[in-house]
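I opened the notebook to look up the overall form of this chain, and then a few of its side chains.

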Amino acid sequence: MVRARYRNGLDKPSLLKQGEVVKYTIRMNPTSNAFLPGHRIRLDITSSDFPNYDRNHNTAANQNADATLKSANQTIHHGNKYETKIILPWIDSENQ
């Protein structure tokens, strides 16, 4: 998970500006999965994962002290100058 304000690091919070296009690099912890024929992967992009994770008020206010909530919309830019990709390492099962 990457909260937008901490996309440059937890020590460098920076709010998004409406209409601003920003790049996100999300590094995953080591994991492993065997994808068999017909399997699929999914990427979820959302403002919040409440109640599994803390709620996102979508404001610049202190999340722990302010109850004001604001709706948010996400836009995924892709194609042409906006390169979008998911890189998954590949291990050939025959060479295990």
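The model is predicted, with local features needing pLDDT of at least 70 and side-chain atom pairs counting only at pLDDT 80 or more, while totals for chains, interfaces and linings use all residues. Residues are numbered from 1 along each chain as its sequence is written, and side-chain values use heavy atoms, with hydrogens and water left out.

I noted that the C-alpha trace spans about 55 × 35 × 30 Å along its principal axes.

I looked up burial next: 6% of the 96 residues count as buried (under 20% relative accessible area, with exposed over 50% and partly exposed in between; 1.4 Å probe, protein chains only).

I then turned to His 57, which counts as buried because its relative accessibility is 5%. A polar atom of the His 57 side chain lies 3.0 Å from the backbone oxygen of Asp 66. Leaving aside neighbours within four places in sequence, I found His 57 in contact with Gln 63, Asp 66, Ala 67, Thr 68, Leu 69 and Lys 70, contact meaning heavy atoms within 4.5 Å.

I also checked contacts across the chain: among those between residues at least 6 apart in sequence, 34% join residues at least 24 apart.

Last, I looked up Phe 35, which counts as partly exposed because its relative accessibility is 45%.

Terms used: A polar contact is a pair of N or O atoms within 3.5 Å; within protein, one must be able to donate a hydrogen and the other to accept it, and residues adjacent in sequence count only if both atoms are side-chain atoms.
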